[in-house]
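User: Please take a close look at a single part of this model, the side of one chain that touches the other, and set it in its context for a reader new to the structure.

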Amino acid sequence: MEDTIFGSRFFLSPHDGGSMLDFGSHKTASCSGSSRRAFIRTAAAVPAMMSTGLPALAEIEEARRRAKAKSVILLWLWGGPSHLDMVDPKPDAPDDFRGPFGTIATKTTGMHFTELLPRMAARSDRFSVIRSMQTTNGGHPGAGTVGVTGFEEKPGPVQPNFGAIVAKHRGQQEALPPFFYVGRGIPRDLPRRIEGYGGGTLGKAYDPFLVHCSERGDISIPTLKMLPNMSPNRIEDRRTLERALDVERYRLDSAEIERWGQTYQSAYGLLTDEKAREAFDLTRESKKTRSSYGQTTFGQGCLLARRLAQAGVPYIQVNWSEYVETFTPNGDFGWDTHIYNFELLQDRHCPIFDRAYSALLDDLHDSGMLDDTLLVAMGEFGRTPKISVRASREHWQHCYFSLWAGAGVEPGRCIGESDAKAEYPVSQPITPLMTGTTMLELCGIGAKERAEMKVLDGGSIINELF
Amino acid sequence: MSFSRRGAPAGCGVARSVDVTRSDAPTALIVLRFWCVMCSLLVTVSAFAGEPVQLTQDGSLKRDPRFIDGGRAVAYCYDETPALVRMMKISLIDRIPQPVFADAADKHHYEPAFSPNGKWISFTACTGNLSGKLVIRNLESGEQADITHKGRGGTRSPTFSPDSKRVIYAFAEKGPQQLWSVKTDGTDKRQLTTCSGVSNWPTFTPDGRTIVFSNSREKNYEIYSVGSDGSGERRLTNNTLMDIRPAVSPDGRKIAFVSTRTGNYDVFVMNIDGSDVQQITTSEERDDYPNWHPNGEQLVIVSERDGAFDLYLIDASQGRTVAGR
C-alpha cells in the first residue's frame, strides 16, 4: 500500500538539510492504503512538479511555517516497546508472531491498536502514528544515542541530544534551564549509560537538568542530594540556601565545590526563583488533573513536563525509566521485555502509558498548549515480531513506531506501513535523524541554523506529518 | 532445582491463625479473637451491602491480592519504590499493611499462592537480570524449593492443587508458554499442556478434577477448562478481547475473571460451565486481579480510582448479566 509516486529521489539531495527538497524522499502510506490527503496532495502535486515543482512544495512550506513549537515534550520509552503489542498489531499473522492481544478500532479510519491502549485509541484523532520507524543499532545504549541524537556513537564526544541543540538555540531565558530530563537518572542499561544523553559536541553546558518526580508528585533534584537535609521545600530564600552552602564549604574541599559547578548553581538558582518553584509545584493542579495522569512516576512526570512547558522550558524529555531492564533486581521496569513481555505490557506498562499519554494529550489540548507544544513518544527500537522461545520478544531495530502530536502536526494519521508480520517497513523507513530534524525544524532551527551549529547533517523532514 | 532454607515469615497470617485458635490460648486471646472476628464480620457485611470496602489507602501500584488467614487478611504485592516490589499483607481488621516476610532483603516477589492446608507459599521471584524462578516455601520452617528451567526466563502464576501436594504454573521453555506441574518439594517437574498460543493463570476446581486457565490460540486470551488428566478441554469464553485471570470460587460453581470487553479492565463472574456471565465492576478505570473470599460471596480486587491503585472488597453476587460469553 504505497504511494510510489514519491518513491524516487530524483529531486532530492539527501544531504541538503533544507526544508524544501526533501519532500520527494518518502513514500506515503497509511493503514488503509494511501491517505486521502496524501493522495490529493500527490495528485495535485505531480503535474505541477513535472513543470516547476513549486505549488505542492509551497503547500508543505506553508503548513510547516504555521507549525511552530515553543516546547517539545519527548516521552522516551526506554528499553524498546513492542510495536506489535501496542500500535501496530497483526492479528492475521501466524501464531508465533501475532501475540495474545485482541485489537480495537481507533478514531483513525483503518487503524487498529491492541486492546491495551483503549484511551489512546479513543483519542487517535489528536495524534499521528508512524509505523515505519527504523534505526541502525540493535543495542540499548547505542540505539538510545541514535534515537536522541540521530547518529551512532563514535570515539570522542557524540553528537548532541536534540534537547541540547534546542537549549543552545534558545538559550537560558530565565531561571529555568532550557533542557530538562524528568526521570530517575540518565537512561542506561546495567553495563553503561546512554552516551547521547546531553550536550555532546556542543559541550556539557547543554547537558539536561535532571528532575525526578515521584508517583505522588513530589519533586526531587539529584544535584541537591549532595547537601544533606536539603530539599526544595527547605529552600525558602537565597539566604537559607547560602547558609546551607556555607556549612558545606567547611565540609568539602574546593575541588568538590568546583565539581558541583554550573549544575548546582542552576539548581539553587531555580529553586529560589518564584516562577521556577511554581513550575515544580504539582499541588497547584486540581486533584482531577493530577489523578488523570495516574499515581505513577511516569504519569506525574508527564504532568511535571506539561508544567515545565507551560513555564517556557523549550525541551523536556520524560524518561520512562532509568534502566532498560524490565525484570531485574532494583531495575525500574523499562520496556526491555525479554521475559514477561505479554504479562508486563498488560499488567503494568501499557495501562500506565495509555493513561498518562492520554491525560497529557487532553491537558495540552484543553489548555490550548497543543497548538505550540510538540509531543513525541518513542523508544530506541521495537521488538522482534517473532515470539521468542521464552514467550517474549527481543530487540528489533528494523521496524518500530513513534507518536506525534501538536505544534502543527496533522493529527489522526497513520504514517508508514509495516509488512504482514511487522518485520520491516514497506514504505520508506523513517529514521531517528529525521525525527530529530523534524523536531528542530518545528522549534525554528532550520537548515541554516543546523548547519551553523554543525548538527543533524543530512537530516530531512517527515513531511507526512504536515 | 535447588533446596534451601529462608527465614520464617513475619507472622504470616496462615501460621498465626493456628496459634490463636489453640485450646490453651489465654482468655484475653480468646476475647481478642472474638473482637477480631466481629470486626472482620463488620467489614464483610459492609461489602455485602453493595458498597466496595477500600482496604488500602496508599494508592501505589498493586497486584495479586490473595485472601489468607481464613479470609481475615489479604496478601498482595505492591511497588514500594519504582524499583522494588514487595509482598505485603493487610488484616481486614486493623488494616495496617506489613511485609509478609520479616527479612527486608526477601523482596521482588510476585503472584503469591498459598496452599489450601496453610503450609506452603509459592511465588515468582526476581533473582537476577531477566530471571524469574518459582519458589515453593514452607511457611513454618522457611525451607524452600527453587524451581528453575534451563536458560533465562520466568515462571508465572503458580497455584496449588487442592491436596496441597503440587504446584501448577506457566512457563515457556522451548516455545509456546505451557502449564507445568511440580511437587512441593521441587521434584517431579512435568509439562502438562502442549497448546499453541500463550497459556497462563491456571486454577483448580476444589475437587481437583479440573484446571481452568487462559490461552491465546484464538487470537486473544480465552478461558478454558480441562480435566487435570488433560482430557475434555472446553472453551468457556468467546469474544474478541481478553478474558484472563480466572479464579474458581470456593464452592467450585463460579469463575471470576477479568475482561476488557467493556473497553477497560473489568471483573466478571460466570458459571463454571461459562454460562450466565455477569459484569461485577463498571468503573471506567481499571478493576483487576479478583480473588475469592473463603465465604464464596465476595472478591478482593485491585481497583484504580482517580489514578490510585488500592485493594477493595466487593460483593460478587451483585452483577449485571451480559449477553454472550
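Analyst: A residue is called buried if 20 or more other C-beta atoms lie within 10 Å of its own, exposed if 12 or fewer do, and partly exposed in between, with the C-beta atoms placed from the backbone. By that rule, 59% of the 466 residues in chain A are buried. This is a predicted model, in which local features need pLDDT of at least 70, side-chain atom pairs count only at pLDDT 80 or more, and totals for chains, interfaces and linings use all residues. Residues are numbered from 1 along each chain as its sequence is written, while chains are lettered from A and ligands numbered from 1 in the order in which they are written.

Chain A has 14 helices and 13 strands; these are DSSP runs numbered from the N terminus, helices being H or I of at least four residues and strands E of at least two. Two residues are in contact if their C-beta atoms, placed from the backbone, lie within 7 Å. Of the contacts in chain A with a separation of 6 or more, 70% join residues 24 or more positions apart.

The requested part can now be described. In chain A, 36 residues are in contact with 39 residues of chain B. The elements of chain A that contribute two or more residues to this side are α3 (95-98), α10 (287-292), α11 (297-310) and α12 (341-366). The largest share, 4 residues, comes from α12(A). By type, the residues on this side of chain A comprise 14 nonpolar, 12 polar and 10 charged. Here Ala, Val, Leu, Ile, Met, Phe, Trp, Tyr, Cys and Pro count as nonpolar, Asp, Glu, Lys and Arg as charged, and the others, Gly among them, as polar.

Confidence also deserves attention. The pLDDT, the predictor's confidence in each residue from 0 to 100, has a mean of 83 in chain A, and 76% of the residues of this chain reach 70 or more. Over residues 1-30 of chain A, however, the pLDDT is below 50, although this stretch has 82 contacts in the model beyond near neighbours in sequence. Residues 32-55 of chain A likewise stay under 50, and the model gives them 29 contacts beyond four places in sequence. Where pLDDT is low, the predicted coordinates should not be read in detail.

Val277(B) counts as buried because it has 24 C-beta neighbours inside 10 Å.
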